[in-house]
Amino acid sequence: MTRDEILQTIVEILSESFELDPEEITRESKLYEELGLDSIDAVDIFVQLREVTGRRPDPQVARAIRTVDELITFVESELAAKAAGLPEPDTELPE
Amino acid sequence: MTAEDLGWVLDGMPHRPPMRLIDEVLEADGKQLVARARIGDGHVLLREGGVSPVAAIELLAQAAAALMVWRAGRGAPPAPGYLLGTRKLEMHAERFAPGDELLIRVAEVWGTGPLAQFEGELLRDGCVVARGSINVAAG
């Protein structure tokens, strides 16, 4: 997938899941400060992105993502890891 | 593990009857759990002869809690947890009736920090009566 295609996928996920206006979602959009998402929404985003990448996201990497552009880079990286056959990170479950 | 070997999981949950809705843990491994819930004549959620299918959300949540107890290990102190909600839940039954036995399957999807998502389904007589995902928080 190209970065533009990944962006389109992310825009679809965000607009459909959180009823956001697609026109207001840009690469520079800040997920929490501008799009109004919270940490619970972030769980939903990364679960849906798992279906795109075919890999379980690394929770520590996921927690550091703040913008749509960083999400695009994350998906690119995950797709490359999938293609390279790299093992998935373990998930963290609440204790 | 047999259901008898897994009795300690229910004891490790913070829920107590009548609000502990699952009656038995049947199977468990690191990522998924199967539990059974019976709808008795005195069920705490019984209204006008039936239990709303919306109770599926709580049943999934309690099964998820049981899975976290299993992962914590026998003897670990009960830890509080919270059901945050569901974005997607299919319900295929109008109600659950006294005498119904429900099989509840849950599996971890993903988690980060205190938050996690589980997916699961409820079966009655081998048919799926509810299916969806829930978000939970611990602590």
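This report looks at a cluster of aromatic rings in a predicted model.

Residues are numbered from 1 along each chain as its sequence is written, and chains are lettered from A in the order in which they are written. Local features need a pLDDT of at least 70, side-chain atom pairs count only at pLDDT 80 or more, and side-chain values use heavy atoms, with hydrogens and water left out.

Let's start with confidence. The model scores ipTM 0.78 and pTM 0.87. Chain B averages a pLDDT of 92, where pLDDT is the predictor's confidence in each residue, from 0 to 100.

Now to the rings. Over all chains there are two aromatic pairs; rings of Phe, Tyr and Trp (its six-membered ring) pair if their centres lie within 6.5 Å, and planes under 30 degrees apart count as stacked, over 60 as edge-to-face and the rest as tilted.

| Pair | Centre distance | Plane angle | Type |
|---|---|---|---|
| A:Phe46 and A:Phe74 | 5.4 Å | 85° | edge-to-face |
| A:Phe46 and B:Trp110 | 5.5 Å | 40° | tilted |

Because A:Phe46 lies in helix H2 of chain A and B:Trp110 in strand S4 (residues 101-112) of chain B, their pair joins two chains. A:Phe74 sits in helix H4 (residues 68-84) of chain A, 28 residues apart from A:Phe46. Helices (H or I, at least four residues) and strands (E, at least two) are DSSP runs, numbered from the N terminus. Together, the ring pairs link A:Phe46, A:Phe74 and B:Trp110 into a cluster.
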